[in-house]
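Please look over the sequence and the structure below before reading on. The briefing that follows goes through the chains topic by topic, giving each term its cut-off where it comes up.

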Amino acid sequence: MTRVVRTAGLVLALLWLVVPLAPVLVWAGAERWSFPDLLPRDWGVSGWREAASAGLPLALLRSLVLGLAVAAVATPLGVMTGRVLGWRLTGRPRMVVALLLVPLVLPPFAVAMGLDVVLIRVGLHELVSVVLLLSVVAIPYTAYTSATAFARTSPELEAQARALGATPRQARLRVVLPAVRGSILVAALLAFLVGWSDYVVTLLVGGGQLVTAPVLLGAAASGSGNDATVAAMALATVAPPVVLVTVAALRVRGSGRTAPADRLPEPVPDHERMR
Amino acid sequence: MSGAAPGIVAITVVAGTGMAAVVATSVGLMPLYGKPAPSLDGWRSAAPDLVAGIGESLLIALPATVLAALVGFLLAALMLGGGRAASVVRLACLAVLAVPHLVGATSVSLLLSDGGVAARLAAPAGGDGWPALVGGPWPVATVLELAWKESAFVALVVLAAVAPGHRMRMQVAAGLGARPVQRVLRVLVPTAAPAVGAASLVTLVYAIGSYEVAWLLGRAVPEPLPVLAFRLFGSIELTDRPAAAAAAVTGSALALCVAVPALAALPRLRSLSTGGAP
């Protein structure tokens, strides 16, 4: 690929990836932006003020709690499943994989709609119900992430710790878990994102009582809020996950633990090339 | 299996109970109030909307998946080139992946609607005005939003699958005399095909079940199945509940009908990349 084509490709790629989010960034700082002006005539924070008075800080706090709760439930369950898959400890790996695909294939709104009727009869608290359902949605991500990490780590590690006198619990918590700590953090991050970003399950099962940042944004974006307020809510909703993921990605690169995908294989000597 | 049990049991109980309840609701066996009375009234009343809903769901999901797969592959190809450009694009893809679809839909609405940023950019050119990309006769904005976000997912999946040994494969192909275009078409494309297929399947199934993007950016009629189901579910008429459940069951069946044959075909797709018989 020539340098010009690569540069053009990079520009087009960044345009495709960044432009769709640009309106939120500009609108969030706009005070007055009449059509057909290309930029706001006045800049200000009235959108943020209105968003705050509509309950944005509390909604963000609820999203944080929901994300952390989903991560707290889905991460250990996913790690346990990932250990079994990654170390091939089950005689039925296909069945485990097939069941892990279920939350990815079935639309969450359909499962939520059915569970809503059941949960109303059981009388479970809305937050508990939403955490339960979103944790199930997140388990495939945490399980597959952990499975990849366990597949890269020898099961001998646990056996060696046991041979040195560790109890099964000590061997797992003090030897195996530190070895796969990075992937567990990624799994927890993915589960957090599922909880933080969800809209439809929170609205359906939460019955409108659990007003998280996406639920507040959805209500404003569907008609009741002005563009600056909606943009402020959107920016406040998108910033934490984007910052978290970016920091995590930079930390992984900075620590030198790049994926095998990034490593350059040894060049093939000329005499070994096939003719 | 015992170690996997808690997670698997949670999935089985929650998904199984949810789907069983939604099927039971659709046939009148789980009314919100009153005694169960088996009936197909929900299905009958929703039937015309269900047919239109299947069409609209596919009209959104299929183009979004094709576009996401195409752009995702090109993004991955760019990242496979390595260097600083690859790092920047990878970081941008990760950031897009972290954006909630609702935020993406909100921003795309501010970009493509009548008074949006794109309409402002086009205004000096005059013409017949800005086309109705949001809420118009074709689900353009819905497709673009889904394709935008899912293309980042496809790109990262393809990158993870293809990058190990990529340079070596390209060097070997070059050593064998393959031109750049041949290296892409006969080495990179077959190597990436299984990952593109798997990521596209996830995208397609997700797009079929996605609610908020079509709800914010789509037209009022016909509604895709999730939007139809959600509207009926929130209706003050309790008799609409079985119809809502029927739409939810139809959406799930559509996702399964797409996913099961595709999952069965994926190993064949993989064999293509290794030169094996399909």
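How many helices and how many strands does chain B have? Chain B has 11 helices and zero strands, where helices (H or I, at least four residues) and strands (E, at least two) are DSSP runs, numbered from the N terminus. The model is a predicted one, in which local features need pLDDT of at least 70 and side-chain atom pairs count only at pLDDT 80 or more, while totals for chains, interfaces and linings use all residues. Residues are numbered from 1 along each chain as its sequence is written, and chains are lettered from A and ligands numbered from 1 in the order in which they are written.

**Chain B as a whole**

- Read from the N terminus on, the elements of chain B run α-α-α-α-α-α-α-α-α-α-α, and the C-alpha trace of chain B spans about 75 × 65 × 30 Å along its principal axes.
- Chain B has 278 residues, of which 48% count as buried; a residue is buried if 20 or more other C-beta atoms lie within 10 Å of its own, exposed if 12 or fewer, and partly exposed in between, with C-beta atoms placed from the backbone.
- Among the contacts in chain B with a separation of 6 or more, 73% are made by residues 24 or more positions apart, a contact being a pair of residues whose C-beta atoms, placed from the backbone, lie within 7 Å.

**Helix α2 of chain B**

- Helix α2 of chain B covers residues 41–80, which is 40 residues, and reaches 55 Å from its first C-alpha to its last, close to the 58 Å expected at 1.5 Å a residue; the expected span is 1.5 Å times one less than the number of residues.
- At B:Ala47, α2(B) bends by about 60°, and a proline, B:Pro48, follows within four residues; the bend at a residue is the angle between axes fitted to the seven residues ending there and the seven starting there.
- Just after α2(B) comes B:Gly82, which takes a positive phi of about 80°.

**Domains**

- Chain A is divided into domain 1 (23–55 + 211–250) and domain 2 (66–209), with bounds that come from an automatic or database domain assignment.
- The C-alpha centres of domain 1 of chain A and domain 2 of chain A lie 32 Å apart, and eight residues of domain 1 of chain A are in contact with 10 residues of domain 2 of chain A.
- On the side of domain 1 of chain A that touches domain 2 of chain A, α12 (213–224) and α13 (227–254) of chain A each supply at least two residues, and α13(A) gives the most, with four residues.
- That side of domain 1 of chain A divides into six nonpolar, two polar and no charged residues; Ala, Val, Leu, Ile, Met, Phe, Trp, Tyr, Cys and Pro count as nonpolar, Asp, Glu, Lys and Arg as charged, and the others, Gly among them, as polar.
- Chain B is divided into domain 1 (1–39) and domain 2 (41–273), and 29 Å separate the centres of these two domains of chain B, taken over C-alpha atoms.
- Nine residues of domain 1 of chain B are in contact with 11 residues of domain 2 of chain B, and the side of domain 1 of chain B that touches domain 2 of chain B has five nonpolar, four polar and no charged residues.

**Where the two chains meet**

- The contact between the chains takes 82 residues from chain A and 84 residues from chain B, and α13(A) gives the most to the side of chain A that touches chain B, with 11 residues.
- By class, the side of chain A that touches chain B divides into 64 nonpolar, 11 polar and seven charged residues.

**Annotated regions**

- In an unreviewed entry, UniProt annotates "transmembrane region" for spans of chain A that include residues 127–150 and 228–250; UniProt positions are given in the numbering used here, feature names are shortened, and annotations may be inferred rather than shown by experiment.
- Residues 127–150 of chain A are 100% helix and 0% strand, with end C-alpha atoms 32 Å apart, and residues 228–250 of chain A are 100% helix and 0% strand, with end C-alpha atoms 31 Å apart.

**Local backbone features**

- A cis peptide bond, with omega about 5°, joins A:Phe35 and A:Pro36, and A:Pro36 is found in the loop between β1 (30–32) and β2 (42–43) of chain A.
- A:Arg88 has a phi near 50°, a positive value in a residue other than glycine, and lies in the loop between α4 (56–86) and α5 (93–105) of chain A.

Conventions
Contact = placed C-beta atoms within 7 Å.
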